[in-house]
Every structure is written in structure tokens, then in C-alpha cells.
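Thanks for coming. I will go through one structure this morning, starting with the overall layout and ending with a few local details.

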Amino acid sequence: MKGFVVTGPAQASFTEIEKPVPKPGQALIKLEYAAICGGDPGHIMRNAYGASPEEPRVYGHEYVGTVIEINNPDHLPTRIKEGDLVVGPQNKPCGVCDQCMEGRFSICSSMFGSIRRPGGTFGEYFERDLDKLFPVSGEVDPLVATLAEPLAVAVYDVRKSGIGLGDTALIIGGGAVGILIGILARHNGASRIIYSEVSENRIELLKSMGFEAYNSMKEDIMKIVRDTTKNGMSFVYEVSGSQPGWDLAFDAVSPHGRLIPVGLPNPNRNIRFGDIARKEIDMICVNMHHLNDFHEAVELINRRTINDELKKIVTAIWPLNRIGEAIEESKNKTGKNIKILLKPGSEEIISLV
Ligand SMILES: [Zn+2]
Ligand SMILES: [Zn+2]
């Protein structure tokens, strides 16, 4: 089989590798589509999973695939059978550390590094534990199912922040996760959602989805917030991870409001602790998602109530063997692409926008 193999920092190639063999309690999955996550280029640059020439690793974690083999000698109860279309989370919480024992799987002590990472999804086949697989309904478009993992992240962000009926939200950053948070917040009854973005292409997409969206390089978003709200926005999701994003978040959040850092953490950001105390801001912190969030994301996808909105996020399908170029393309945050999918065996780039 072929896969995108990493052997060190920024050392990656699409090459022939051994097909994985599922261990007892695992299934072998044939990739239908993988998706490039915003964090993937950085993970590959830094070699976040600690690959080496002796222990090469396939990267990637967002996927939809077909179960082609199940190794279940202990007859574990499983919802999965051969031929099923499935999705699943990227992590394997250890289940035995203090955090896992308290049910806080999203911050499992041994989650980071290579040990708790199953085989990556930028390859034609990979293995997964049976208890980390969720079946996708036959009526669901597989393109939409590929969004299950980032949707699970958005489910956790929205659930933990507690946004609901009549609330207002500012979402700073309109990439895939930012858009998914907006879709779910609106689904939960938020009365007004404003986006701050820097890409005209993304602003256009957000507007076509019925959101209020502004270019923070051209418009004074704080003036809009001041002129149209009493005290600011009750929920602010900072998804950009940028310093201007953080500054806007602290300006725009209302007293007693909730600020949710979603963007990749950067230790060099200036966080205004004075504002946190002065406005009594609640910081709601989130790291990836829990297994029940993934379950909820798959339920949402299988019920198909928001799938038309979700599908707008998928903007291109590239051949898996051109993954290196596709990852380069995904770094362009001002172009038309939001989510790039990869398809094994395909020859052409399909643009959906
Ligand atoms: Zn992801
Ligand atoms: Zn753990």
C-alpha cells in the first residue's frame, strides 16, 4: 500500500509501506477520504509524533473509511461489521491515568506524542480499535462524514461554553472549526453570530451561509459591536490564535461574558489578565474533544439536519498521491479552500467552489 510517511521534521514522502495488520480488538479500514486538518502542516514540520527513519509514521487523522477486516477473537460487543462506512477520533486516551480515571479523556496525561496515536489516515489502509469506530448511515454523503472529527471539536467547544437560546457570539477566525462552531451555535438557538475574518473568500462563504461577517483589516469590528450591542458579545470564540484576534476578543467580550480559546495555543500571546478580572470574564478552556462529543457529532451527521451547511466547508478533493502539494495549498488561508479532502486512486483535482 501507499501512504504519506514522515521520517523526521519536515521529512515526508508519499511512498510504498507495509499494509497494517489489525491486532485483536481492531479493524482494518480502507480509506475513502482523508481531510487535511489546520494543524497537520505544523505537525509534519515539527514531527509532532516523533517519527524516525527506523520508525516511520503515517500522519493524518481526519477520515471516512470502509471496514474491510475485523479481528475480534474475544467477541467484544461491537456495532461495526465488515463493509460499514466508519469514522473515528484521532486519539487513544490511555484509560488508566488520573485524568482518564476521572473521565477527562480530552486531557489524558499520555495523549501527546506517538504512543497514543493510532496509524495515520494519509494512507490507503490503517487500523483502528473497535471501540473507537462509529458507523455512518448509508444515506450520508461520505464527503460530509469526513468532517466528523473537527465537528466533534466544535461540539465540545459549543457544549462546554454553554451557548444557547438568545445568546450572542463573536467568532474570530472563519476556518473549518470556526464555521462549525457557528453552525452549531446557531443550531443551539444563538440569536446573533458575528464573524471576524481577514479573507474575502471566507467572508463571502460565511455570508452565503447566512452569517454576519466582517473583514477585520478593513472594518472597525469594535465599532460595530459597540453600536449594535449593549455591553459587547456574551460569547467570544477566539479561533485564529493571532494577537490581533486576542486583542479583539478582550475588547469585544461583555462583562461576565465567556471567552473560549479555540485557536492553537501560542505561549507568546499577550493575554490581558487585567481584563479577565475587571470584566469578570469566564475563560472556558477546551482541548480537542471527549468521546461523547464524537458520538454527538456522528449522530448529527447521521440525522442529516445540518449536512447541507456542513458540505459547504468541503472545498476541494485532491488525489491522495498529490498530498504534498495539497498540504502546501492548505496553508493558504486567504484562497477559496476551507477543507481539502484526499481521495485514494483518483487522478484529478476537483474544486467544489
Ligand atoms: Zn483535525
Ligand atoms: Zn489517560
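**Layout of the chain**

The chain splits into domain 1 (2-149 + 289-351) and domain 2 (163-283); the bounds come from an automatic or database domain assignment. This is a predicted model, in which local features need pLDDT of at least 70 and side-chain atom pairs count only at pLDDT 80 or more, while totals for chains, interfaces and linings use all residues. Residues are numbered from 1 along each chain as its sequence is written, and chains are lettered from A and ligands numbered from 1 in the order in which they are written.

The C-alpha centres of the two domains are 28 Å apart. At the interface, 13 residues of domain 1 are in contact with 10 residues of domain 2, contact being C-beta atoms, placed from the backbone, within 7 Å.

On overall dimensions, the C-alpha trace spans about 60 × 45 × 40 Å along its principal axes. A compact globule of 353 residues would have a radius of gyration near 20 Å, and the chain agrees, at 20 Å. That radius is taken over C-alpha atoms, and the globule rule is 2.2 Å times the number of residues to the power 0.38.

There are 12 helices and 17 strands. These are DSSP runs numbered from the N terminus, with helices being H or I of at least four residues and strands E of at least two. Of the 353 residues, 44% count as buried. Buried is 20 or more other C-beta atoms within 10 Å of a residue's own, exposed is 12 or fewer, and partly exposed is in between, with C-beta atoms placed from the backbone.

**Strand β3**

Strand β3 (residues 26-35) has 9 of its 10 residues buried, so the rest of the structure largely encloses it. Which strands does β3 pair with? Pairing here needs at least two DSSP bridges between the strands. With β5 (residues 62-71) there are 9 bridges, antiparallel, and Gln26 has Asn71 as its bridge partner. With β7 (residues 125-129) there are 5, also antiparallel, and Lys30 stands opposite Tyr125. The antiparallel pairing with β16 has 2 bridges, and Ala35 partners Leu341 there.

**Helix α12**

In α12 (residues 323-330), the residues Ile323, Ala326, Ile327 and Ser330 are buried. Down the helix axis they fall within an arc of 100°, so they line one face; the arc is that of the directions from the axis to the C-beta atoms. Glu325 and Glu328 are exposed on the other side. The buried residues pack against β1 (2-8), β2 (11-16), α1 (40-46), β15 (314-319) and β16 (339-343).

**Two positive phi values**

Most residues other than glycine have a negative phi. Asn47 has a positive phi of about 55°. Asn47 is in the loop between α1 and β4 and is partly exposed, with 19 other C-beta atoms within 10 Å. Glu280 has a phi near 50°, in the loop between α9 (273-278) and β14 (282-283). Is Glu280 buried or exposed? Glu280 counts as exposed, with 10 C-beta neighbours inside 10 Å.

Methods: Contact = placed C-beta atoms within 7 Å.
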